[in-house]
Each structure stands twice: as C-alpha cells, then as structure tokens.
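Morning, everyone. Let me put the model up.

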Amino acid sequence: MTYQRFLDEAHVYWRGHLAPAHGDQLVVADGSHRDPRALIRVLTLANAVRRLHPARLVLIGPAPADGAEADAAPLAALAAAYAVDEVVDLAGRTDRQVTALAARAAGAAAPPVEVHGLTPYVDTGYRRRGGGPLTPLRRTAPEYQLAALRARARAAVYDEILAAGRPVALVAVDPTDDHAGLAVRAARRAHVPVLTVVPRGGLRAYCLFPGHGDPAVPYAEALQPLVGEFFGRHVWSRRAELAEAADRTVWRVGRGLDRPVGRRPDAVELADPAARRQVRAHVAARYGLRPDRPTVVVAHRPVTEAPTGIADEVADWYARTAQYAHELPAANWLLLDHPAQDDRTGSVAALAAYHSDAGHLRFLPGGTLSRNALLSLADLAVVLHGRLPATLAGYGLPVLAAGRGPWGDCGFTTAVADPAGYADQLADGVTALTAGHPPVRGGQVARARLWRWLTEAGADVASGLVPHWDLWPAEHLLRAMTVHLRQVEPDGEPVFAAVARMFAQRQPMLTRLDLAAPGQSRRAAAPAVPHTRAPDPGPVAGTAHRAGAAAVAE
C-alpha cells in the first residue's frame, strides 16, 4: 500500500511538471542498478534534465544476468510513475544482436574483443559475476568469450538507442562495467553529456560534457583533471572563507556522525599525542608489531572492481604491494582488506598465507580496526582509489595513491605515475619515515578537509525528491518521498537548480550552491549553532601541520 501511494504521488508530480518533448530529443537513463535508491536518483536526475531540455525519457531495462524477468514488472510501474516514455527490453534486443553477430561470423573467425575497445568493460562485468580477479586461464574460458560476444551485442544496442533521436543526456550509475559502462562509452563517442550518480549521501553526481577529454579515455581518467581544476578554482581559492565549514564537516566525520544508522559510531577520540602513543602501543602489541617502527597501511579494494592507475588487476596490485612490503622490514606493514570484499576465489587468503613468515607484515580483514586504532598506528597510507585517502590525509597522514579518483588532482595525495617506480616510491616513503621526515605534501591537511566539505556538503544536493541514502528501510524512504511529492511545490527545487547550473556552467560535478558566484562560499561557511563539540585534535600522525582554520594559510 505504501509503495502504491508513492507511485500515485510520483505520477501526479512528474506528469504535472514536465513539458512535452521537443521534436526527437531524448534523455536516456540506465535502469540496470539493483538498488531502488540508485534507480530513484537516476530517474530524478533524468527528469531534471528534461525540465531544461524537454525530451522523451528512454529507460534501459536490466540485462538478463541482473534478473530481467523478476524485475520487469516493478521497473515498469516505477517507470510509469516517473513519466518514462519507453522502457527498452535490453535482454531481448541483446539476444537479437547476438544472433545477428553470430550469423555474420559464421564461417569466419570472430574479431577479438580488443578490436572493439570493449575489453575493460567485459573484464569488469566478468569479475563481478565470477566473484574474483581475472586470470589468463579465465580469459580463455567459453564463459568469457560469451560475455565478450554479449558485450559487443549490447554496445550495438546502445548505439542504436542513441541514434534513434537527438540525445541530450545519458544518466547512469556505474561507468565501468559491461552494462551501464557500455552505455557511457556509447554516449561519450556520440558526444552526449554523461551524468553518473554516486550511490551515497543526498544527490551526488559527476558529469562529462562533450569536449571534456578524449572519448576513448576511460571515464574516471577523463574526470579526474576536470574535478581537480574545479576544486582549485572554486574551493581551494576560497579556503579562508570555507575553513569553518570544512572544520565542521571533519568534526562530524571524526565523531562518526557520517556513519549509516545502526553502525558503530566509531568516533575519533585521540585528543593529543600522548593519547595516540598509548593507543598505538596497545594496537601494535595486539598484532605483534613494533610500536617504535613506522607503520605503513595498505588499503585493499574489492578484487572485482575495475582497476585504475598502475593496476592491471586490483588483486595483482595488492600482491605486488605485499611483495614490496616483504622486502622492506624497516617498517611495519598492515594490509587491510576491504570491508565489502567479494573474493570467491580465495586470492586474498592465499596471499596472506604466502607471506605468513614475514614478521613485519600483517593481513587483517576489512572492518577490523576502529578509526582510533588506524589513525594511531598509521604513519603512511597506500591506496588505490575510494574515499579513504581524503579521510586519512585530513588527519595529517601522507597518502600514496596508486590509482585514480575524482580527488586525484586536488593536491592532498602523492600519485604513483610510473609503475616501474612504484617500488622505489614505497622504499623512499619508508626511508623518510624512519628518518623522522614524513612525506606530507604542503597544504595537505587543508586540501583534504576542503575536499571532504565539497563531497559531503558543497556537492551534495539535499532534496526531498532524493532523500539521503541512509534513509532506510524502504518503508521510511517511501513515506518521506510520498509526503514531499504531495506537499512541496517545485518552485526553488534544489535538484532542478543544481542541474540547470551544471549545464549552464558545464560543471564536472553537481553542486548544492553556486560556488562560482561571489559570496556563496561565505554563506556556506556561516558559523554553526553552539553544540557540545569536542576540541579538534588536529592531525594525529605527528606531522607539523596544523588542522582547521590555521591550515588554510599553508
């Protein structure tokens, strides 16, 4: 009953606030994500684009491996509520394309998937379905060859969809796999703006417009310099104005207030260097490490993710890093698995067993360490991608980034640009730590904290149309959305204003306020209301950097 009421209110809202399509303009939305919160974000963002450019909305249904038969009816109901004009039967059209490709290839060797530039997308999809890293043997399996054929067929379907009209935007979630990733690839090649939703927070999204990088370059690689330039121009240049807002964001993160409801708050309570030394000694003793040696923390990622930076495979990067660590006994090495690891092949456990004889290496499951334990023990962090770099850098820890992320050009990490020099950079970092000179970059603390403000506030659009990701279970989410759709008029709607601003200024990310307008950042940094806020301990890694407002002067 709650779901039907939500559908009814959504139908009335969107049918009343969207203009008829202009000619053959269309907005394409990817519906392959299984989480309804992500799908609601995709549809809301697509409709916000339609308010700027009246167009038909084409929703691409899930592929067969995603349970197309089971999800068809609910998807159709949600599509109708959000004024979708057409739901593409991706499963059926892919099957027909496979038949056509097989017929054309009859009697002739099929061209390798590399010829079509689809290998990275096929690999990521195959990793996720298989629950493990790709190996040369798995690449020769018949299942992989079938996945490559279906990817070619699916890519052809996306090309057909975009060629059926004048597309003004594609909205998706994951730009890396062989479902939505192929749609993103097709849109970029067709010079169509691509918006990718971040499944976290309020409404967060990145965008690549035509002319933003080479369409042949992976999405993440093209996005990174654009976000770095945006951060430098609109955030770092106003660091004095935003200092208090950044402090408030870091305080919330440090007190665990950014954690989903039901999880342990895990607040940072290291008030001074003495407290850090006490916790450090306790944690080091627990895991058999020497507290007088510097400690390097290596943060793993799910082995099913698309590799970035110097990594050809996430699992290979982790194994290579462990081997380098084995040869650097002057430091403790803590290799932390990812909390959401999906490794059905046992590669992580096998790697830990292989290095079990190294007394200075410890492999820990994800989620084992609290924030206090991690921040007290770590002196250098080695990461691939993800959200952890900004958190650690904001507390004064030097971060060596072997992969790519939107934050990569924002100045608070040290990039590993050359795979051949990776071992040397690790060795140099250990040498600097043992000499008492942590390799912290100038302005790192302030930059990392401003990045956290940008992602948690400045680029997080708060709206009742898209309740916060943590508003769950579904019953609570639907009730909140139903009330908003019924009671709140669209005048001044933050989502519509943010999308209009993104398109007008060709921004690489959605923003809550106009950071390019004079005075906007000052409003964002207005003093907080009094509360029982604990003193900010600043960096916990023993660096000379000062946190908070003092750090912005660096």
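The crossing is right-handed, that is, the near helix is turned clockwise from the far one by less than a right angle.

This is a predicted model: local features need pLDDT of at least 70, side-chain atom pairs 80 or more, while totals for chains, interfaces and linings use all residues. Numbering starts from 1 along each chain as its sequence is written, and side-chain values use heavy atoms, without hydrogens or water.

Who touches whom? From α5, T119, V122, D123, Y126 and R129. From α7, E143, Y144, A147, A148 and A151. Contact means heavy atoms within 4.5 Å. By class, that is six nonpolar, one polar and three charged residues.

Now α5 itself, residues 119–130. Helices are DSSP runs of H or I, at least four residues, numbered from the N terminus. At 1.5 Å a residue, times one less than the number of residues, its twelve residues should span 16 Å, and the end C-alpha atoms are 16 Å apart, so the two agree. Just after α5, G131 takes a positive phi of about 65°.

Buried residues of α5 include Y121, G125 and R127; buried means under 20% relative accessible area, with a 1.4 Å probe and protein chains only. The buried set packs against α6, α7 and α8.

Key:
Helix = DSSP H or I, 4+ residues; strand = E, 2+ residues; numbered from the N terminus. Buried < 20%, exposed > 50% of the residue type's maximum accessible area, 1.4 Å probe, protein only. Nonpolar A, V, L, I, M, F, W, Y, C, P; charged D, E, K, R; others polar.
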